[in-house]
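Subject: Structure for your review

Dear colleague,

My notes on what was found in it follow directly after.

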Amino acid sequence: MKDFSTLVRMVDQTTKTSRRLEALVQFFSACSDSDKVWCIALFTKNTRKRPMSSQRLREIASDIVSLPSWLIDESKSIVGDTAETLALLLPEPTERSDKTLSEWMVWLEKLKTFKEEPARQELAIQEAWRGLNSEERFVFNKLITGGFRLGIATRTVIKALAKDQECEEGQIALALSGQWDPMQLTFKELMARGQGSDLSIPYPFYLAYPLPMDPTANDDEQHQALKELGAITNYQIEWKWDGIRGQLIRRKGKVFLWSRGSELISDSFPELVSAGESFNEDVVLDGEIIAYKDSIEPFEQLQRRLGRKQPSKNMLHKVPVRFIAYDILERNGKDLRKESLKVRRNHLEQFIHQHQLDRVMISDTIKMDTWSHLVDLHKQSRQYHAEGFMIKSIESSYREGRKRGDWWKWKVNPMTVDAVLLYANRGSGRRANLYSDYTFAVWSSDDKESRTLLPFAKAYSGLTDKEITEVDKFVKKNTKERFGPVRSVVPQLVMEIGFEDIRKSTRHKSGFAVRFPRIMRWRKDKPLDEIDSMDRLQYLLDDKQGGG
């Protein structure tokens with residue numbers, strides 16, 4: 001655990017990718033193969049069910065340090081993290097544990113079997129703490145509570161492994177794709193997956209870069225940004241659908257459906273698996289899972305299918321889905337990713353034409369003579385239930401991860417509402433001492449005599465560190481009421497809130513639910529009287545549906 005704890009500290013103390021890469025390469029070169037497997041699993045979000053809750057861990061620590069639970073809970077709210085709080089409070093170790101990372105992970109799996117024996121769990125935790133120093137306890141506590149997140153990019157882990165193994169990054173990326181269990185695989189078996197040893201493995205997804213364009217750009221500025229890409233004839237343009245990115249795989253008669261998050265979702269969409277089983281050749285298709293009746297349905301319809309391992313017949317009937325294929329990565333065992341998009345598109349069109357399936361469609365390309373015509377069509381994206389456009393070079397190969405230059409996504413500008421800060425909550429991690437999680441409200445109507453403030457969205461991203469500190473000072477000086485960690489404040493700070501989508505909701509007091517809300521800017525120029533009302537939310541909904 002010592003070496004892994006040192007790695008965690010080195011990675012956590014820097015935001016520079018080069019230093020993180022160096023630390024990982026150093027760890028991989030010195031550790032055992034079994035520790036490599038667990039390090040990869042932990043850093044690439046191959047998470048496991050936690051053996052114990054944070055609250056239970058704080059209760060065990062309370063007995064050791066002779067402090068009441070409420071005081072430890074209060075300390076946690078200041079520090080912002082249970083693992084770090086307990087690592088700071090616990091007494092110095094009285095023993096020395098030599099367990100490695102992999103040995104501790106096996107130990108944690110065994111701890112889960114004591115779930116019905118809390119006294120035995122408590123003794124095991126106390127014994128473990130006695131043999132670990134503060135740095136090791138911090139990591140150990142993180143692993144127990146399932147809060148092991150350091151923000152290290154998977155591609156950094158891939159680069160480090162490729163250096164350690166002296167092989168291509170693509171081989172490592174393929175090895176880590178899909179689902180795999182560090183309890184079941186050796187390091188050698190994990191690396192073998194990169195050589196096609198597992199029929200189910202999806203290819204690493206190729207991701208588009210946002211088009212370099214100011215969200216407030218007017219038509220002329222948008223046209224100019226598009227012209228800088230070159231001739232429109234050099235690109236394949238498609239709608240960017242609001243669904244679930246996935247790969248539909250048929251190899252040797254077996255069918256698998258994967259999400260972009262490396263989640264096997266075959267059971268959730270049996271109709272797509274059935275479609276794959278009807279293919280008369282092996283293939284790997286990249287595309288989007290969307291809800292579809294007579295036309296493409298809004299994303300909220302697809303959400304009703306998410307998380308259902310075995311959807312009922314009624315759900316299959318109410319929310320039918322389709323797979324819109326926009327790329328073909330493999331055909332009859334041949335890897336097509338290095339071929340140009342133009343060649344791959346020909347393969348895809350041939351494949352779809354030969355099969356003629358209702359459940360699997362091809363993504364239509366948008367034919368435009370000029371970029372200016374595309375600017376005009378872009379304004380209608382929401383009426384098509386689309387998020388904007390995908391703009392792909394017809395000469396591009398299918399690469400791995402997010403690369404700049406070949407594939408661009410041009411999303412519609414977010415919907416915006418001017419709202420007032422109504423509640424504030426302390427953040428977590430490095431923002432644990434600051435009120436940085438906010439609830440915003442709009443007026444119930446435009447009638448100044450009877451209107452009230454109605455909460456409609458929570459947001460915590462978009463402000464600079466300096467602005468967050470400024471808001472924190474305001475919250476502490478202008479608190480009206482306290483509800484545990486939450487404070488209601490004098491309604492004065494006006495922010496512009498942006499979001500991707502809006503829909504009706506019976507679960508929200510405002511009657512609306514918004515998707516991916518974030519703070520666009522602090523409207524210091526705008527008084528409370530001039531913030532938006534519910535009428536603005538209704539207008540945005542009507543406009544999205546084509547009735548505004």
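In this predicted model, the axes of helix α10 (residues 154–165) and helix α11 (residues 169–176) come within 9 Å of each other and cross at roughly 120°. That angle makes α10 oblique to α11, since angles under 35 degrees count as roughly parallel, over 145 as roughly antiparallel, 65 to 115 as roughly perpendicular and the rest as oblique. Axes here are lines fitted to C-alpha atoms, for helices over the stretch in contact, with angles running from 0 to 180 degrees between N-to-C directions. Helices (H or I, at least four residues) and strands (E, at least two) are DSSP runs numbered from the N terminus.

On the α10 side, the contact (heavy atoms within 4.5 Å) is made by Ile158, Lys159, Leu161 and Ala162, and on the α11 side by Glu169, Ile172, Ala173 and Leu176. By class, this contact has 6 nonpolar, no polar and 2 charged residues. Ala, Val, Leu, Ile, Met, Phe, Trp, Tyr, Cys and Pro count as nonpolar, Asp, Glu, Lys and Arg as charged, and the others, Gly among them, as polar.

A further helix pair is formed by α6 (residues 82–89) and α9 (residues 134–145), whose axes come within 8 Å and cross at roughly 145°. Ala83, Glu84, Leu86 and Ala87 of α6 meet Ser134, Arg137, Phe138, Asn141 and Lys142 of α9. The contact of α6 with α9 has 4 nonpolar, 2 polar and 3 charged residues.

Asp472 lies in helix α19 (residues 465–477). Its relative accessibility is 5%, so Asp472 counts as buried (under 20% relative accessible area, with a 1.4 Å probe and protein chains only). Apart from neighbours within four places in sequence, Asp472 is in contact with Asn433, Leu434 and Tyr435.

Turning to the chain as a whole, there are 20 helices and 21 strands. The radius of gyration, taken over C-alpha atoms, is 26 Å, close to the 24 Å that the globule rule gives for 548 residues, so the chain is as compact as a globular protein of that length. That rule is 2.2 Å times the number of residues to the power 0.38. Buried residues make up 50% of the 548 residues.

Residues are numbered from 1 along each chain as its sequence is written, and side-chain values use heavy atoms, leaving out hydrogens and water. Local features need pLDDT of at least 70 and side-chain atom pairs count only at pLDDT 80 or more, whereas totals for chains, interfaces and linings use all residues.
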